[in-house]
Amino acid sequence: MTSPVDHVAFHARLQPERLAVVDLASEQRWSYAQFDRAIACCARVLRDIHRVQPGERVASLARNRAELAMLHLACARMGAIYVPLNWRLSGPEIEALLEDAEPRLLVGDAELAGHGVAGLLLDELIAAIRSAEPLATPAIDPSRPSLILYTSGTSGRPKGALLNERNIGQTAINFSQLGRVTRDSVFLLDSPMFHVIGLVCNIRPALMQGGTIVISDGFVPARTLARLGDPSLQVTHYFCVPQMAEMLRAEPGYDPMPLSGLTGLFTGGAPHPAADIHAWLVDGVPVVHGFGMSEAGTVFGMAIEPELLAAKAGSVGMSTPAVQARIVDADERDCPAGAAGELLLRGETVFGGYWRRPEETAGTFTDDGWFRTGDIAMCDADGFYWMVDRKKDMFISGGENVYPAEIEAELAGYRGLADYAVVGIPDARWGEVGVAALVVGEGAQVDIEALAAHLAGRLARYKLPKRYVIVESLPRTGSGKVRKTDLRLMLSQVD
């Protein structure tokens, strides 16, 4: 008998009847033995019916379904590369990604027709899986790529981060250590499964430790809040961006008591204001902020102890021993504790490069193998990291470096603001100046002069926005990040 080829196969032997996956939309449940068999049957369908060969791509364009995790794991077993596509993109954007990935097979749901592309319906694939026989596959080579995640494209055309099973496996280990994942952990997954949080961080740690994944077809604040407190689900882990967390707190039915069973409510993808974290802690809910990226998986995570969460509110935490991190200045010299600089990473979570982008890949790594993240960070004397801003979002006004995230942190919690972002806009006198885009909450009013005075008491003069523009909404990516390139263009056209 051969050894198990992945963690699902391992737990299928160790604890075959233990619940592995629940799909809330279809009301289906799989034990580890059943999910292992389904993955093997999916691999059979891919190889024998659709003639997918090792190294070829299998793309998906679909809302969250358990079968998408099944599809990715089947690709990993047979040496194919899974490419989940962001269904929030436009038709032409999807076409551009398909042209770049050149998949052998595209699988999807109603999003296929909605984006005007042809492919195999997911329901047809599921029917074929149910009638197929399992395919025995050899041991997985951890250096073999199994996933292309297209970056959010906040500042340009999306690039495909090429990840292998070693990268993904180390991310599972990192988050398991930082997030206290055990066989009793239950992850509620309603983050989109085209993103590293949805497809990797929610799924792989749980399956590695023998826990359970509860898959939702999307985030609906009232529904998600009810599920987090549902005693029949016993959710312990939940990932979201800070904006989603605050939507949960704003729900009329919000009650922290049913959430007391959470190991943590884990946030990332955008800065999480310290004031908001403190508000959660007062309610007894551990909100655990962290940092990761498509190219490097789980990088940093906060400790879950309430005292540390309170003392370091706003920090993205620390790394595990498997992650090497440096903060460097413009000459790539190491910065002292407390000084901001670009974050460089090295370790087994870090990807091998961008799909079909050798020049961009080469420019992303230093000569000695450190990955240039493009993020500005700071590490304090205790070894806790703080994200300052994206390097490319920084602008220079009158010779001074200005980080928009610093201004945005002061806008957090200001009465009447529902959303906000700051970008640098070219200026004839100062080179660049800050412009604040503001979304006013429903039924609220914001006095711009009072807001400007509020910031003037908290920030250096050169950091203050020179203009404030009321907008209906901010352009965001599927993972919740502001598309600052689009926002700059939008604001540059406003007088």
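D447 caps the N-terminal end of helix 16, with a side-chain oxygen 2.9 Å from the backbone nitrogen of E449. Such a polar contact is a pair of N or O atoms within 3.5 Å; within protein, one atom must be able to donate a hydrogen and the other to accept it, and residues adjacent in sequence count only if both atoms are side-chain atoms. The model is predicted, so local features need pLDDT of at least 70 and side-chain atom pairs count only at pLDDT 80 or more, while totals for chains, interfaces and linings use all residues. Residues are numbered from 1 along each chain as its sequence is written, and side-chain values use heavy atoms, with hydrogens and water left out. Helices (H or I, at least four residues) and strands (E, at least two) are DSSP runs numbered from the N terminus.

- Helix 16 covers residues 448–456, and its residues L451, H454 and L455 are buried. Buried means under 20% relative accessible area, exposed means over 50%, and partly exposed lies in between (1.4 Å probe, protein chains only).
- Seen down the axis of helix 16, the buried residues fall within an arc of 95 degrees, so they line one face of the helix. The arc is that of the directions from the helix axis to the C-beta atoms.
- An α-helix has 3.6 residues a turn, so residues three or four places apart point the same way.
- E449 and A453 are exposed on the other side of helix 16.
- The cover over the buried residues of helix 16 includes helix 15 (404–411), strand 23 (431–440) and strand 24 (467–470). Contact here means heavy atoms within 4.5 Å.
- In helix 10 (residues 221–228), the buried residues are P221, T224, L225, R227 and L228. Viewed down the axis of helix 10, these residues fall within an arc of 165 degrees, so they line one face of the helix.
- Among the elements covering the buried residues of helix 10 are strand 9 (186–189), strand 11 (237–240) and helix 11 (242–250).

**Nonpolar cores**

- A nonpolar core is a set of buried Ala, Val, Leu, Ile, Met, Phe, Trp, Tyr and Cys residues joined through side-chain atoms within 4.5 Å.
- The largest nonpolar core has 83 residues, of which F35 and L46 touch the most other members.
- F35 is in contact with V8, V21, W30, A66, A69, M70 and L73, leaving aside its neighbours within four places in sequence.
- Another core, of 23 residues, lies apart from this one and includes L188, L225, Y254 and L259.

**Cysteines**

- The structure holds 0 disulfides, a disulfide being a pair of cysteine sulfur atoms within 2.5 Å.
- A disulfide is a covalent bond between the sulfur atoms of two cysteines.
- The sulfur of C75 is 6.9 Å from the closest cysteine sulfur, in C42, which is too far for a bond. C75 is buried, with a relative accessible area of 0%.
- For C240, the closest cysteine sulfur belongs to C201 and is 13 Å away, again too far for a bond. C240 counts as buried at 1% relative accessibility.

- Strand 18 (residues 371–379) has 8 of its 9 residues buried, so it is largely enclosed by the rest of the structure.
- Two strands pair if DSSP finds at least two bridges between them.
- Strand 18 also pairs with strand 19 (residues 385–390) in the antiparallel sense, over 5 bridges.
- A377 in strand 18 is the bridge partner of G341, and A377 also stands opposite M387 in strand 19.
- The hairpin of strand 18 and strand 19 has 5 residues between the strands, and G383 in this hairpin takes a positive phi near 85 degrees.
- D389 lies in strand 19 and counts as buried at 10% relative accessibility.
- Not counting residues up to four places away in sequence, D389 touches D375, I376, Y403, P404 and A405.
- The C-alpha atoms of D389 and E124 are separated by 44 Å, and the two residues are 265 residues apart along the chain.

- R51 is not a glycine, although it has a positive phi of about 55 degrees. R51 is placed in the loop between helix 2 (32–49) and strand 3 (57–61), and it is partly exposed at 48% relative accessibility.
- E102, also a residue other than glycine, has a positive phi near 50 degrees. E102 is found in the loop between helix 4 (91–101) and strand 5 (105–108), where it is partly exposed with a relative accessible area of 45%.
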